[in-house]
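The structure under discussion is shown below.

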Amino acid sequence: MKDSNKESWNIHAQRFYQEDYLSLDDVDFESYDYPTDKDLNIIGDVNGLITLEIGAGTCNCGIALARRGAVVTCSDISEEQLKIGKNVAKKAGVEISSVCSDMSDLSAFSTNSFDLVVSMSAEMYVEDFNKICSEVGRVIKNGGRFIFSTTHPFISCVGATELWPDEKANPSYSYKGAHKWKWCEDDTFTFTTYRRQISDYVNGLANNNFMLKRMEELFPITPLPEDNDFDENEIKVRTSYPSVLVVEAVKC
(Lines give C-alpha, C1' and ligand atoms only; values in the text may rest on other atoms or scores of the structure.)
Protein backbone atom coordinates (compact mmCIF):
# COMPACT_ATOMS: atom_id res chain seq x y z
CA MET A 1 0.00 0.00 0.00
CA LYS A 2 3.07 2.27 0.30
CA ASP A 3 3.17 3.16 -3.40
CA SER A 4 -0.58 3.81 -3.42
CA ASN A 5 -0.31 6.28 -0.53
CA LYS A 6 2.68 7.94 -2.18
CA GLU A 7 0.73 8.51 -5.38
CA SER A 8 -2.32 9.74 -3.49
CA TRP A 9 -0.34 12.22 -1.41
CA ASN A 10 1.39 13.55 -4.51
CA ILE A 11 -2.03 14.19 -6.07
CA HIS A 12 -3.49 15.61 -2.86
CA ALA A 13 -0.50 17.74 -1.81
CA GLN A 14 -1.47 21.13 -3.18
CA ARG A 15 -5.05 21.15 -1.93
CA PHE A 16 -3.99 19.72 1.47
CA TYR A 17 -1.67 22.64 2.17
CA GLN A 18 -3.48 25.68 3.57
CA GLU A 19 -1.05 28.55 4.01
CA ASP A 20 -3.41 30.75 5.99
CA TYR A 21 -4.24 27.90 8.37
CA LEU A 22 -0.69 27.17 9.52
CA SER A 23 0.84 29.62 11.98
CA LEU A 24 4.32 27.99 11.95
CA ASP A 25 4.69 29.33 15.49
CA ASP A 26 3.48 26.15 17.15
CA VAL A 27 3.34 22.39 16.59
CA ASP A 28 -0.14 20.89 16.25
CA PHE A 29 -0.61 17.18 16.84
CA GLU A 30 -3.64 16.79 14.54
CA SER A 31 -5.19 20.23 13.95
CA TYR A 32 -5.72 23.43 15.86
CA ASP A 33 -9.03 22.04 17.11
CA TYR A 34 -6.94 20.13 19.68
CA PRO A 35 -4.33 21.20 22.26
CA THR A 36 -0.98 22.06 20.65
CA ASP A 37 2.55 21.88 21.98
CA LYS A 38 2.14 25.31 23.52
CA ASP A 39 -0.60 23.77 25.66
CA LEU A 40 1.11 20.46 26.45
CA ASN A 41 4.81 21.41 26.36
CA ILE A 42 5.87 17.92 25.32
CA ILE A 43 8.47 18.90 22.72
CA GLY A 44 9.81 21.80 24.80
CA ASP A 45 13.11 23.55 24.13
CA VAL A 46 14.70 22.39 20.86
CA ASN A 47 17.37 25.04 20.40
CA GLY A 48 20.42 23.39 18.83
CA LEU A 49 18.86 19.91 18.65
CA ILE A 50 19.53 17.84 15.52
CA THR A 51 15.96 16.98 14.60
CA LEU A 52 14.26 14.68 12.09
CA GLU A 53 10.59 14.96 11.19
CA ILE A 54 9.30 11.78 9.54
CA GLY A 55 6.05 11.72 7.59
CA ALA A 56 6.63 15.46 7.46
CA GLY A 57 4.18 16.30 4.68
CA THR A 58 4.55 20.01 3.96
CA CYS A 59 6.99 20.29 6.88
CA ASN A 60 5.00 22.71 9.04
CA CYS A 61 6.11 20.97 12.25
CA GLY A 62 9.75 20.92 11.17
CA ILE A 63 9.59 24.58 10.13
CA ALA A 64 8.10 25.55 13.50
CA LEU A 65 10.94 23.71 15.26
CA ALA A 66 13.54 25.31 12.98
CA ARG A 67 12.16 28.71 13.94
CA ARG A 68 12.79 27.71 17.55
CA GLY A 69 16.44 26.93 16.84
CA ALA A 70 16.45 23.25 15.89
CA VAL A 71 18.55 21.94 13.00
CA VAL A 72 15.85 20.20 11.00
CA THR A 73 15.62 17.52 8.32
CA CYS A 74 12.17 16.64 6.99
CA SER A 75 11.41 13.26 5.44
CA ASP A 76 8.27 12.22 3.60
CA ILE A 77 7.14 9.71 0.99
CA SER A 78 5.63 12.46 -1.18
CA GLU A 79 7.99 14.55 -3.32
CA GLU A 80 5.19 17.04 -4.01
CA GLN A 81 4.60 17.69 -0.32
CA LEU A 82 8.32 18.21 0.31
CA LYS A 83 8.49 20.71 -2.55
CA ILE A 84 5.74 22.74 -0.91
CA GLY A 85 7.55 22.45 2.43
CA LYS A 86 10.79 23.82 1.02
CA ASN A 87 8.93 26.84 -0.38
CA VAL A 88 7.12 27.42 2.92
CA ALA A 89 10.42 27.25 4.82
CA LYS A 90 11.93 29.81 2.47
CA LYS A 91 9.01 32.17 3.05
CA ALA A 92 9.36 31.61 6.79
CA GLY A 93 13.03 32.54 6.64
CA VAL A 94 14.45 29.24 7.89
CA GLU A 95 16.54 26.50 6.32
CA ILE A 96 15.50 22.86 6.43
CA SER A 97 16.86 19.81 4.65
CA SER A 98 14.47 17.36 3.03
CA VAL A 99 14.78 13.72 2.00
CA CYS A 100 12.13 11.66 0.22
CA SER A 101 11.83 8.39 2.15
CA ASP A 102 9.33 6.14 3.84
CA MET A 103 9.06 6.13 7.64
CA SER A 104 9.86 2.43 7.75
CA ASP A 105 13.08 2.90 5.74
CA LEU A 106 15.39 5.58 7.09
CA SER A 107 18.49 4.13 5.43
CA ALA A 108 19.28 7.59 4.03
CA PHE A 109 20.27 8.64 7.56
CA SER A 110 23.28 7.63 9.64
CA THR A 111 23.07 5.68 12.88
CA ASN A 112 22.92 7.74 16.10
CA SER A 113 22.61 11.01 14.19
CA PHE A 114 19.54 12.73 15.72
CA ASP A 115 18.70 14.16 19.13
CA LEU A 116 14.99 14.29 18.41
CA VAL A 117 12.63 12.52 16.00
CA VAL A 118 9.06 13.75 15.61
CA SER A 119 6.09 12.58 13.58
CA MET A 120 2.67 14.20 13.60
CA SER A 121 -0.42 12.32 12.37
CA ALA A 122 1.56 10.19 9.94
CA GLU A 123 2.55 6.79 11.36
CA MET A 124 -0.89 5.30 10.65
CA TYR A 125 -0.08 5.37 6.91
CA VAL A 126 2.59 2.69 7.51
CA GLU A 127 1.60 -0.92 8.09
CA ASP A 128 4.44 -1.98 10.42
CA PHE A 129 4.79 0.27 13.48
CA ASN A 130 7.52 -1.96 14.90
CA LYS A 131 9.60 -1.25 11.78
CA ILE A 132 9.16 2.49 12.30
CA CYS A 133 10.40 2.12 15.88
CA SER A 134 13.33 0.01 14.72
CA GLU A 135 14.41 2.61 12.17
CA VAL A 136 13.92 5.53 14.55
CA GLY A 137 15.80 3.60 17.23
CA ARG A 138 18.74 3.22 14.86
CA VAL A 139 19.03 6.86 13.77
CA ILE A 140 18.37 8.44 17.17
CA LYS A 141 21.05 8.91 19.81
CA ASN A 142 20.86 7.24 23.21
CA GLY A 143 18.86 9.57 25.41
CA GLY A 144 17.20 11.09 22.37
CA ARG A 145 13.44 11.47 22.22
CA PHE A 146 10.84 10.13 19.80
CA ILE A 147 7.59 12.12 19.89
CA PHE A 148 4.65 11.24 17.69
CA SER A 149 0.90 11.70 17.41
CA THR A 150 -1.61 9.45 15.74
CA THR A 151 -5.30 8.74 15.42
CA HIS A 152 -6.52 7.40 18.74
CA PRO A 153 -7.65 3.75 18.47
CA PHE A 154 -10.88 4.57 20.32
CA ILE A 155 -12.09 7.14 17.78
CA SER A 156 -11.35 4.65 14.98
CA CYS A 157 -13.83 2.24 16.58
CA VAL A 158 -16.55 4.70 17.54
CA GLY A 159 -16.15 6.67 14.34
CA ALA A 160 -16.84 3.58 12.26
CA THR A 161 -20.49 3.71 13.27
CA GLU A 162 -20.97 7.28 14.52
CA LEU A 163 -18.89 9.46 12.18
CA TRP A 164 -18.18 7.77 8.85
CA PRO A 165 -20.58 4.79 8.50
CA ASP A 166 -20.43 5.03 4.69
CA GLU A 167 -16.81 3.86 4.79
CA LYS A 168 -17.96 0.56 6.31
CA ALA A 169 -14.96 0.46 8.66
CA ASN A 170 -14.67 -2.31 11.26
CA PRO A 171 -16.06 -0.95 14.57
CA SER A 172 -14.26 -3.45 16.80
CA TYR A 173 -11.29 -2.43 18.95
CA SER A 174 -9.87 -5.90 18.32
CA TYR A 175 -9.52 -5.15 14.60
CA LYS A 176 -5.93 -4.52 13.51
CA GLY A 177 -5.37 -3.93 9.85
CA ALA A 178 -5.90 -1.75 6.82
CA HIS A 179 -8.62 0.83 6.29
CA LYS A 180 -9.05 2.31 2.80
CA TRP A 181 -10.79 5.67 2.45
CA LYS A 182 -11.21 8.79 0.31
CA TRP A 183 -10.39 12.32 1.41
CA CYS A 184 -13.28 13.67 -0.67
CA GLU A 185 -16.28 11.64 -1.79
CA ASP A 186 -15.72 12.22 -5.52
CA ASP A 187 -11.96 11.52 -5.49
CA THR A 188 -10.66 8.91 -7.91
CA PHE A 189 -7.83 7.93 -5.54
CA THR A 190 -7.76 6.47 -2.03
CA PHE A 191 -5.58 6.45 1.07
CA THR A 192 -4.79 3.43 3.23
CA THR A 193 -4.28 3.77 6.97
CA TYR A 194 -3.69 1.02 9.53
CA ARG A 195 -5.59 0.42 12.76
CA ARG A 196 -3.72 -0.59 15.91
CA GLN A 197 -4.37 -1.03 19.61
CA ILE A 198 -2.66 1.06 22.29
CA SER A 199 -0.65 -2.01 23.30
CA ASP A 200 0.89 -2.08 19.79
CA TYR A 201 2.40 1.33 20.41
CA VAL A 202 3.70 0.45 23.87
CA ASN A 203 5.16 -2.87 22.72
CA GLY A 204 6.65 -1.43 19.53
CA LEU A 205 8.54 1.13 21.57
CA ALA A 206 9.60 -1.36 24.26
CA ASN A 207 10.82 -3.88 21.66
CA ASN A 208 13.18 -1.26 20.25
CA ASN A 209 14.74 0.04 23.46
CA PHE A 210 12.47 3.02 24.02
CA MET A 211 11.15 3.98 27.44
CA LEU A 212 7.70 5.51 27.49
CA LYS A 213 7.97 8.91 29.14
CA ARG A 214 4.58 10.51 28.55
CA MET A 215 1.26 9.81 26.85
CA GLU A 216 -1.61 12.20 26.23
CA GLU A 217 -5.12 11.53 24.89
CA LEU A 218 -6.54 14.64 23.23
CA PHE A 219 -10.08 15.94 23.08
CA PRO A 220 -11.10 19.08 21.18
CA ILE A 221 -10.36 22.36 22.92
CA THR A 222 -13.28 24.34 24.32
CA PRO A 223 -14.60 26.55 23.03
CA LEU A 224 -13.79 25.23 19.56
CA PRO A 225 -12.39 27.64 16.96
CA GLU A 226 -15.14 29.22 14.89
CA ASP A 227 -13.72 27.71 11.68
CA ASN A 228 -13.89 24.09 12.93
CA ASP A 229 -15.47 21.52 10.60
CA PHE A 230 -17.34 19.50 13.22
CA ASP A 231 -21.11 19.16 13.11
CA GLU A 232 -23.19 18.71 16.27
CA ASN A 233 -22.89 14.91 16.26
CA GLU A 234 -19.14 14.96 15.69
CA ILE A 235 -18.65 17.42 18.54
CA LYS A 236 -20.64 15.09 20.80
CA VAL A 237 -18.58 12.05 19.79
CA ARG A 238 -15.18 13.74 19.87
CA THR A 239 -15.79 15.30 23.28
CA SER A 240 -16.76 11.86 24.61
CA TYR A 241 -13.89 9.80 23.17
CA PRO A 242 -10.27 10.86 22.63
CA SER A 243 -9.36 11.54 18.99
CA VAL A 244 -5.59 11.94 19.15
CA LEU A 245 -2.89 9.94 20.92
CA VAL A 246 0.39 11.74 21.67
CA VAL A 247 3.42 9.77 22.83
CA GLU A 248 6.87 10.80 24.08
CA ALA A 249 9.52 8.06 24.39
CA VAL A 250 13.24 8.11 25.21
CA LYS A 251 15.89 5.90 23.58
CA CYS A 252 17.63 3.84 26.25
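In this predicted model, the buried residues of helix α6 pack against β5 (140-151), α7 (198-206) and α8 (232-238). Helix α6 is mostly covered, with seven of its 10 residues buried. The buried positions in α6 are Pro153, Ile155, Ser156, Cys157, Val158, Gly159 and Ala160.

Aromatic contacts form the second topic. A pair of aromatic rings is described by the distance of the centres and the angle of the planes. The structure holds 16 aromatic pairs, and two of them are set out here.

| Pair | Centre to centre | Angle between planes | Class |
|---|---|---|---|
| Trp9 and Tyr125 | 5.6 Å | 70 degrees | edge-to-face |
| Phe154 and Tyr173 | 5.7 Å | 65 degrees | edge-to-face |

Trp9 belongs to helix α1 (residues 2-16) and Tyr125 to the loop between β4 (114-120) and α5 (129-139), so their pairing ties together parts that are 116 residues apart in sequence. Both Trp9 and Tyr125 are buried. Ring pairs also link Trp9 and Tyr125 with Trp181, Trp183, Phe189 and Phe191 in a cluster.

Phe154 counts as partly exposed because its relative accessibility is 33%. Tyr173 is likewise partly exposed, with a relative accessible area of 32%.

Methods
Residues are numbered from 1 along each chain as its sequence is written. This is a predicted model: local features need pLDDT of at least 70, side-chain atom pairs count only at pLDDT 80 or more; totals for chains, interfaces and linings use all residues. Side-chain values use heavy atoms; hydrogens and water are left out. Rings of Phe, Tyr and Trp (its six-membered ring) pair if their centres lie within 6.5 Å; planes under 30 degrees apart count as stacked, over 60 as edge-to-face and the rest as tilted. Helices (H or I, at least four residues) and strands (E, at least two) are DSSP runs, numbered from the N terminus. Buried means under 20% relative accessible area, exposed over 50%, partly exposed in between (1.4 Å probe, protein chains only). Contact means heavy atoms within 4.5 Å.
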